[in-house]
Amino acid sequence: MDGLVADLYQPFIDASRNKDPEKRMLKLKALIHKLPEHHLETFKHLARHLNRVAQYADVNRVSPPRSRR
């Protein structure tokens with residue numbers, strides 16, 4: 001695993017556990033932009049795909065998780 005990506009693993013886990021949805025989103029967004037270019041492009045592709053899957057949740061029965069509150 002790329003050293004930078006390995007170094008970002010724990011910060012991603014910590015950010016995802018933030019109880020405040022806005023702070024969680026801001027921290028995750030900042031970390032995503034620290035990824036190497038090829039990882040960032042892979043993430044963007046995956047996010048677009050999952051968005052399309054979620055758009056057809058009524059057909060494919062794969063719905064996005066409910067927000068944590």
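## Residue classes and basis

Ala, Val, Leu, Ile, Met, Phe, Trp, Tyr, Cys and Pro count as nonpolar, Asp, Glu, Lys and Arg as charged, and the others, Gly among them, as polar. The model is predicted, with local features requiring pLDDT of at least 70 and side-chain atom pairs pLDDT 80 or more, while totals for chains, interfaces and linings use all residues. Residues are numbered from 1 along each chain as its sequence is written, and side-chain values use heavy atoms, without hydrogens or water.

## Helix packing

Helix 1 (residues 3–16) packs against helix 2 (residues 21–32) at an angle of about 160°, the axes being 8 Å apart. Helices are DSSP runs (H or I, at least four residues) numbered from the N terminus; axes are lines fitted to C-alpha atoms over the stretch in contact, with angles from 0 to 180 degrees between N-to-C directions.

In contact (heavy atoms within 4.5 Å), Leu8, Pro11, Phe12, Ala15 and Ser16 of helix 1 meet Arg24, Lys27, Leu28, Leu31 and Ile32 of helix 2. This contact comprises seven nonpolar, one polar and two charged residues.

Notes. Helix = DSSP H or I, 4+ residues; strand = E, 2+ residues; numbered from the N terminus.
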